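Student: I have a new structure open, and I would like to learn how to read its features one at a time. Could you take me through it slowly?

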Amino acid sequence: MIVNEQDNHEQNSIDPVKEPSLEQWKTLYGLAAELKKLAPWKSLRDHNLLMIELPKKDEPVFCSVMGGGSMTFGISVYPDYNSFFRLNQLLQAESHIDNMLQMMNQRCISCQFGDRDEIEPADRKIIKALGLRFRGQNQWTYFRSVNPGQFPWYLNADEADILIRTMEQLLPACRSYMNGEVSIDFEEQVMLRRYYSEEEDSWKMESFSTQNFQIPLSGIPLTLTDEVEMARLKKKKKTKAVLELATAYIPIPFRSKDGLIRTPHLAVLMDRNTETVIRQKIMSDPESSETVPADMLLDYVMDYGRPSALHVRTVQDAISLQDLCSELGIRLHAGGNMDLSNDLFFEFMCQLGQGLNEDFDDDEGEDDDDDDFFF
């Protein structure tokens, strides 16, 4: 049986059910009003990142200002190193399909300024309770949370707290940059770093180089608890097979038991030598998504023997499999060419898009009041 050891990552402490208090909402909307008035998107672009080290928080938060393209206005906050890694994977995507896959794999909290039709009933309820009024294009304030495989959703209390603490430091950081109080050339692979100096009892800012910055990643190590089964797997013959193991979130929204709008997670195991799919599985349960890829690999070993090598998409993917591969003598490669699985995902997406278009053509002109349909 594959299990994931307890991970002390601080995001695991977030309670997805607990809603922000009215006082938290009041603070958030107040900070958002300051942000809108400051309009940092006039000076910053979305790739000009700010790193803020909040007191009593183990990992920094990373901020991106949206609006330089005059389309989406606001900020996105990436609350830890793992989410920052996911953002970098998106920024470094070299193909259209890779970009699509990384878009569904993001983790961030955002404050946005949109139009009236972007506001949901839950937002209106809060706005009314606070006695606020908005009018005009890109003037309506709302907040969203995004997790891998999950469509944008409302904030919980812990996320609201992180966003409040971040915005309280982001605003002065943006003001200082816009007023010329801090000099930084974002074209030189740097971020604007803001941190609290206990020695001087004040907040400081400086340029932080990302050129040789290695993102510290925390993963969930997977282990095989059945020692007898592991012994049997180790005795399997070693083959010349080279495998590719990849996962992707498929943009088919469904409402999960917890009320969130999620997407299925597709895992595929492929043989690079024969360019064939050996195993595939679609998962709807977030917890099973963590262990299914490893289960697929171990099932393959049991049936066909131990492959010589396994390729995965990212270092983050490799972290969860490195112990198993080390035990079984499988060379593990992270990054590099993943064209085989990318082509499969691209074909799947194209077929999905064609099917959705045909469904839309069939339904055109018909009334559909089904609130659970999210396309």
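**Reading a predicted model**

Tutor: Let us begin with H265, which, when residues up to four places away in sequence are not counted, touches T247, A248, Y249, K281, I282, M283 and S289; contact here means heavy atoms within 4.5 Å. This is a predicted model, in which local features need pLDDT of at least 70 and side-chain atom pairs count only at pLDDT 80 or more, while totals for chains, interfaces and linings use all residues. Residues are numbered from 1 along each chain as its sequence is written, and side-chain values use heavy atoms, with hydrogens and water left out.

Student: In which strand is H265 placed, and is H265 buried or exposed?

Tutor: Helices (H or I, at least four residues) and strands (E, at least two) are DSSP runs, numbered from the N terminus, and H265 has its place in strand β13, residues 265-271. For exposure, buried means under 20% relative accessible area, exposed over 50%, and partly exposed in between, with a 1.4 Å probe and protein chains only. H265 counts as buried because its relative accessibility is 7%.

Student: What joins the side chains of H265 and T247?

Tutor: A polar contact is a pair of N or O atoms within 3.5 Å; within protein, one must be able to donate a hydrogen and the other to accept it, and residues adjacent in sequence count only if both atoms are side-chain atoms. The side chains of H265 and T247 are joined by such a contact, of 3.3 Å.

Student: Where does K281 lie, and which residues is K281 in contact with beyond its neighbours within four places in sequence?

Tutor: K281 belongs to strand β14, residues 276-283, and, with those neighbours left aside, is in contact with H265, L266, A267, V292 and M296. The C-alpha atoms of K281 and H265 are separated by 8.2 Å, although the two are 16 residues apart along the chain. K281 is classed as partly exposed because its relative accessible area is 42%.

Student: How far apart are K36 and T141 in sequence and in space?

Tutor: They are 105 residues apart in sequence and 9.1 Å apart in space, C-alpha to C-alpha. K36 is found in helix α1, residues 22-38, whereas T141 lies in strand β6, residues 140-146. T141 is buried, since its relative accessible area is 2%, while K36, at 22%, is partly exposed. Beyond four places in sequence, K36 touches W41, F113, F134, N138, Q139 and T141, and the contacts of T141 include Y29, A32, C111 and I127.

Student: Which residues touch the most other members of the largest nonpolar core?

Tutor: A nonpolar core is a set of buried Ala, Val, Leu, Ile, Met, Phe, Trp, Tyr and Cys residues joined through side-chain atoms within 4.5 Å. In the largest one, which has 44 residues, those touching the most other members are L28, L50, I75, F143, L163 and M167. Helix α5, residues 157-178, gives the most to this core, with nine residues. Apart from it lies another core, of 24 residues, among them L233, L245, L310 and L321.

Student: How should I read a pocket, and which residues lie nearest the centre of the second largest pocket?

Tutor: Rolling a probe the size of a water molecule over the atoms shows where empty space is left. On a 1 Å grid over the protein atoms alone, a pocket is an open set of points where a 1.4 Å probe fits, with protein on both sides within 12 Å along at least five of seven lines, and lining residues have an atom within 4 Å of a point. The second largest pocket is lined by 40 residues, of which M103, S110, Q112, V146 and P152 lie nearest its centre.

Student: Which residue in the loop between β2 and β3 has a positive phi of near 65°?

Tutor: Most residues other than glycine have a negative phi. K56, a residue other than glycine, has a positive phi near 65°, and K56 lies in the loop between β2 and β3. K56 is exposed, because its relative accessible area is 90%. Q189 is not a glycine either, yet has a positive phi of about 55°; the place of Q189 is in the loop between α5 and β7.
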